[in-house]
Amino acid sequence: MKVETTLWWDARGNCIRYIDQTLLPNEYKIGECRDIERWATAIRRLEVRGAPALGVAGGYGVALASVLADEESFSRFMDKVRRDGEYLRATRPTAINLGWGIDRVLGRMAVEASIPAARLAAIAEAEEIAREDTECCHAIGDFGASLLPDNCTVMTHCNAGALACSSWGTALGVIRSAVKRGKEVKVIACETRPLLQGARLTAWELDRDGIDVTVITDSMAAHVLRTRKIDAVIVGADRITRDAVFNKIGTYGHAISAKHHGIPFYVAAPRSTFDPVNGEKDVIIEERKRDEVTTLGQRIFVPPGAGVLNFGFDATPIDLVTAVVTECGVFRPPIDIKALLSRPAVK
Ligand code: MRU
C-alpha cells in the first residue's frame, strides 16, 4: 500500500487517525486518538511529525478539543478549546506550521454563533487544511521538478515526504513529480541521527514507490557530495524566516558542503512554513531528551557521566540557499516573505 494520507479525521469514531511513524519501517500501524493529552504525547513522540503534517495535526487537535469540550456557554467552550490549543502548540516549538494550523481552526470557530456550529466548522477547517496541504505539495512538486536534470542524483535529509505532510511531500514531492514526468532520479537519503527519519521513513516511502534510494550515515554526506556526482541537495523546512531556514539538525552542514562543492541547495516548503514576524534569533530550537542520543534499542552506549546535546533542528543562513520551492513558484533569496504570503491562495 502506498502512503495516501498521513492523518485524517474519523467522522464515525469522532477521533483522529494517523500512521504511527515511530514504528516504521517494521510495522505499519494506524493509531487513533481520542483525547488531547494523548495527542500531545503523539506529537512529542513524533508518532506524527514533519512541519506540514504538524499543521494538519494542530488543526485536527483543535477539532478534537471542540468535540470533547462540554462547557455550556459559548465563551467558556471557546476558552477551553483555546487552552487545549495552547497546550498542543507548546509540544514542539520550532515548526511554525503547528501553531498556524491551531490558529486557523480557532479563527474559523470564533465566527460561529453556537457550539454545534463551531464544532462542525472546526472539523471542516481542519479537513480543508489537510486538503490544501496535498494541493500545495503537488504544486511544489511541479515547480521543483523543473529544477532537476532529466537524469540526476539528489541528496536529501530527514523526511520531507508524504509522511511529513498530508500526502505526496515537499522535497520528496519534487522527486515524485520529477519521476512522474519521466525523469530518472536517484536519491541519497541521509539517515538523520538520532531518530533516523531518513533511514526509516524516507527510504521506506521511496522504496515503496520504486524510486532508487540509497541510505548513508550523516557523517558520510560531505564525502559523498565531494566524490560522487550529486546534482542537487533538496530538503524541507520547519520554519523559514527572512534570514534563515530551520530544518532537521544536520541540514546546515549539508548546505555548507553543497555551497563549497558548487551544488545547488534547494528548500521545498509551503507558505504555511514561512514566518513573516521573527528572525533567526527569535526562534526556539527544540532540544530533545538525552536518551534519544545515548540509547539504541535496549543498549546504552554513552557513559552516564558524559554530557549530551540533542538539538532537533538547526538554522541555515538564507544566503546558502539556492532557491525555495513553494506552491506559488521558485524564489531565490532574498525573499520578501510578506509579499509571498499576500499572494492569492492556490485553488
Ligand atoms: O523532528 P521532525 O521529524 O518533525 O523533523 C522534520 C523535519 O525536519 C522535516 O525536514 C521538515 O519538517 C520538513 S517536512 C516537509
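1. The lining of the largest cavity is made up of 11 nonpolar, seven polar and four charged residues. In this classification Ala, Val, Leu, Ile, Met, Phe, Trp, Tyr, Cys and Pro are nonpolar, Asp, Glu, Lys and Arg are charged, and the others, Gly among them, are polar. The model is predicted: local features need pLDDT of at least 70, side-chain atom pairs count only at pLDDT 80 or more, and totals for chains, interfaces and linings use all residues. Residues are numbered from 1 along each chain as its sequence is written, and side-chain values use heavy atoms, with hydrogens and water left out.

2. On a 1 Å grid over the protein atoms alone, a cavity is a set of points where a 1.4 Å probe fits but cannot get out, whereas a pocket is an open set with protein on both sides within 12 Å along at least five of seven lines; lining residues have an atom within 4 Å of a point. Grid points are joined across faces, edges and corners, and a volume is the space filled by probe spheres set on the points.

3. The count is two cavities of 30 Å³ or more. The largest cavity holds about 190 Å³, and its lining comprises 22 residues, with Arg49, Gly50, Ala51, Asn159 and Asp238 nearest its centre. At least two lining residues come from each of helix H2 (51–68) and strand E9 (244–248); helices (H or I, at least four residues) and strands (E, at least two) are DSSP runs numbered from the N terminus. Domain 1 (7–137) and domain 2 (147–342) each contribute at least three residues to this lining, the domain bounds coming from an automatic or database assignment.

4. The second largest cavity has a volume of about 50 Å³. Among its lining residues are Leu195, Lys248, Arg288 and Glu292. By class, this lining has two nonpolar, four polar and four charged residues.

5. The largest pocket has a volume of about 640 Å³. It is lined by 22 residues, and Arg45, Leu195, Arg288, Asp291 and Glu292 are the closest to its centre. Helices H1 (36–44), H7 (197–208) and H10 (291–294) and strand E11 (295–296) each supply at least two lining residues. The lining has six nonpolar, six polar and 10 charged residues. Because domain 1 and domain 2 both give residues to this lining, the largest pocket lies between them.

6. The second largest pocket has a volume of about 330 Å³. Of its 18 lining residues, Trp100, Glu132, Arg271, Ser272 and Glu327 are the closest to its centre. Two or more residues come from each of H2, helix H4 (96–110) and H5, and H5 gives the most, with four. The lining has 10 nonpolar, three polar and five charged residues.

7. At the start of H5, a side-chain oxygen of Ser114 comes within 3.2 Å of the backbone nitrogen of Ala117.

8. The whole structure has four aromatic pairs. One of them joins Trp9 and Tyr60, stacked at 6.4 Å centre to centre with 25 degrees between the planes. Trp9 is in strand E1 (residues 7–10) and Tyr60 in helix H2, 51 residues apart, so that the pair links distant parts of the chain. Rings of Phe, Tyr and Trp (its six-membered ring) pair if their centres lie within 6.5 Å; planes under 30 degrees apart count as stacked, over 60 as edge-to-face and the rest as tilted.

Conventions: Polar contact = N/O pair within 3.5 Å; in protein donor to acceptor, adjacent residues only side chain to side chain.
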